[in-house]
2 protein chains.
Amino acid sequence: MYDMAIIGAGPAGVSAAINAKLLNKSYIWLASRPTSKKVERAELIKNYPGLPDITGEQLAFVFRHHAESMGVEPSVGVVTGIYDLDGKFALLADGRDYEAKTVILCLGVEAAKPLEGEEQFLGRGISYCATCDGMLYKGKKIAVVCHDKRYEHEIEYLCSLAAECYVFPMYQNYDIKAQNAKIILKNPVKYEGDMRVRRVVYKGGFTEADGVFILKSAISPATLVHGLNVEGGHIVVDRNCATNIAGIFAAGDCTGRPYQYVKAAGEGNVAAHSAAEYIANLK
Amino acid sequence: MYDMAIIGAGPAGVSAAINAKLLNKSYIWLASRPTSKKVERAELIKNYPGLPDITGEQLAFVFRHHAESMGVEPSVGVVTGIYDLDGKFALLADGRDYEAKTVILCLGVEAAKPLEGEEQFLGRGISYCATCDGMLYKGKKIAVVCHDKRYEHEIEYLCSLAAECYVFPMYQNYDIKAQNAKIILKNPVKYEGDMRVRRVVYKGGFTEADGVFILKSAISPATLVHGLNVEGGHIVVDRNCATNIAGIFAAGDCTGRPYQYVKAAGEGNVAAHSAAEYIANLK
């Protein structure tokens, strides 16, 4: 079991991971990609104190370099579920699971609002994790709503299992090789069903399915952690970056405005210190 | 009148000042010295993300360089009083006064706890400002408790006015040239008086005085701002770095632990954004 599970590789995640290491805590640092896409894409950052007029690409580089120079590197994995097991937490990422005493959520704010029915049917036919739940739909009819080209190999895996496979690529230049994939160029608007999900509804029609896989890197915090206090899309934290769930902390854009790199880095530091203090008080 | 008055040149102050400029606000940035002594003295900082293994001296340099590259420079001055004038604030620094719509306190935590009687007699014989109040004691008997060699010229000014001048140098290698200065090598422990201060008490004795000047760069926040909510020596702020007084914000070590450079820089950013929002809502 790790002392800390840190999720996200933006400024908050990097800062939390560096401090986990310096605080001599065991940690697993999980991120959907090794550096933050949002940081990389910034044109010019003028207010990260000490690094004047730095491009996003440069800032992402120095963050990564700083962490690497300390032997701190993220494991690439999309965390699709965090479960409170009474005193410890289980995290599911790409079909593997991890246990940690504390969790630091550095999720950013890119998470699209879940569609109608998405949270309702999660675990009842809707899954965020192909490798976790794919086998449940062997020989059945599935729909895959894919938000990023990086997950096309998961589409292929799912199509290899399913009898029928309907794919909604939500990005440009898709290249889906599975023979049985039926591409639908529509944006899903909601999920419908009864006790379980039954239909992916889009403008002008719907697709029936036994299971629906939604492949995306940014899952909304409330969906990721059952019972987490979220207001206006932001995780509610106190001055110590503690959430309403003891042992879960949050830092960076996911905790609210201003969406600023140094604010995020500062909160990552605070969250790591708070998590260390929480662990020290565990008994 | 300035939009923002920023006090302090540590990471929080630099960050607030940079953002005041970028947010296109008018500001006065006041600090007792151009860079933070605390930052400069740090041996090696390993957790300021993006700048691995940097010495305190280097970090102070890059902070100063960043600000200067944007034409942002502090005015050197010790702020000895902040007054809430119903919708605006007056600041007194080295005998000059400034007006601002908002104040961002980035005071650090170096402030020594005030001695017994210090707050009680402030404005009733005790003063933090030689140039403001010196003339009131022309031809009288004064005591000067000086915490830093940099203020020796103020001792000389005060001695030039007073009939009798008792000086408590609270540092090494003092060099006080005033002919009438009577040096007392004792640490004051409290101030006593009736309606006004009358005595500086030290272990084994006391010195009588009509006025007492306490010359130091770090004045406790509660002393600086009447009515400011302070707990355990830290200014109480919310997630937006707002204090209990509308229009006054605080950032950095003065708001509490962890005492970390990037936490302070992050809060300076947040405080500047909050102050800008406050100004926008002023009407």
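**Close-up views of a predicted two-chain model**

**View 1. The loop that carries A:P258 in the predicted model.** A:P258 lies in the loop between β17 (248-250) and α8 of chain A. The structure shown here and in the views below is a predicted model. The bond that joins A:R257 to A:P258 is a cis peptide bond, with omega about -5°. In chain B, B:P258 is found in the loop between β17 (248-250) and α7. The peptide bond from B:R257 to B:P258 is likewise cis, and its omega is near -5°.

View 2. Chain B is superposed on chain A by a rotation of 180° with 0.0 Å of shift along the axis, at an RMSD of 0.1 Å. The two copies are therefore related as by a two-fold rotation axis. In chain B, the C-alpha nearest this axis belongs to B:G266, at 2.5 Å from it. The same surface serves both copies, since 100% of the contact residues of chain B recur in chain A.

**View 3. The crossing of α8(A) with α7(B).** Helix α8 (residues 261-280) of chain A and helix α7 (residues 261-280) of chain B have axes that come within 7 Å and cross at roughly 135°. The two helices are therefore oblique to each other. Their crossing is left-handed. On the side of α8(A), the meeting residues are A:V262, A:K263, A:A265, A:G266, A:N269 and A:V270; on the side of α7(B), they are B:V262, B:K263, B:A265, B:G266, B:N269 and B:V270. By class, the residues of this contact divide into 6 nonpolar, 4 polar and 2 charged.

**View 4. The packing of α1 on α8 within chain A.** The axes of α1 (residues 11-22) and α8 of chain A come within 7 Å and cross at roughly 35°. This crossing of α1(A) and α8(A) is right-handed. From α1(A), the contact draws on A:P11, A:A12, A:S15, A:A16, A:N19 and A:A20; from α8(A), it draws on A:Y261, A:A264, A:A265, A:G268, A:N269, A:A272 and A:H273. The contact residues comprise 8 nonpolar, 5 polar and no charged.

**View 5. The packing of α1 on α7 within chain B.** Helix α1 (residues 11-22) of chain B and α7(B) have axes that come within 7 Å, with a crossing at roughly 35°. The crossing is right-handed. Among the residues that make the contact are B:S15 and B:N19 of α1(B), together with B:G268 and B:H273 of α7(B). No charged residue takes part in this contact, which is made up of 8 nonpolar and 5 polar residues.

**View 6. The buried side of α6 in chain A.** Helix α6 (residues 152-161) has as its buried residues A:E152, A:E154, A:I155, A:L158, A:C159 and A:L161. These residues pack against α5 (130-133), β8 (141-146), β9 (164-169), β10 (181-183) and β14 (211-215) of chain A.

**View 7. The surroundings of B:V201.** B:V201 is placed in strand β12 (residues 197-202) of chain B. This residue is buried, with a relative accessible area of 12%. Leaving aside residues up to four places away in sequence, B:V201 touches B:P188, B:V189, B:K190, B:E192 and B:F206.

View 8. A:D94 is found in the loop between β5 (89-93) and β6 (96-105) of chain A. Its phi is near 50°, a positive value in a residue other than glycine. A:D94 is partly exposed, with a relative accessible area of 34%. In chain B, B:D94 has a positive phi of about 50° and is partly exposed, with a relative accessible area of 34%.

Technical notes. Residues are numbered from 1 along each chain as its sequence is written. Chains are lettered from A and ligands numbered from 1 in the order in which they are written. This is a predicted model: local features need pLDDT of at least 70, side-chain atom pairs count only at pLDDT 80 or more; totals for chains, interfaces and linings use all residues. Side-chain values use heavy atoms; hydrogens and water are left out. Copies are superposed by least squares on the C-alpha atoms of residues with pLDDT of at least 70 in both. Contact means heavy atoms within 4.5 Å. Axes are lines fitted to C-alpha atoms, for helices over the stretch in contact, and angles run from 0 to 180 degrees between N-to-C directions. Helices (H or I, at least four residues) and strands (E, at least two) are DSSP runs, numbered from the N terminus. Angles under 35 degrees count as roughly parallel, over 145 as roughly antiparallel, 65 to 115 as roughly perpendicular and the rest as oblique. A crossing is left-handed if the near helix is turned anticlockwise from the far one by less than a right angle, and right-handed if clockwise. Ala, Val, Leu, Ile, Met, Phe, Trp, Tyr, Cys and Pro count as nonpolar, Asp, Glu, Lys and Arg as charged, and the others, Gly among them, as polar. Buried means under 20% relative accessible area, exposed over 50%, partly exposed in between (1.4 Å probe, protein chains only).
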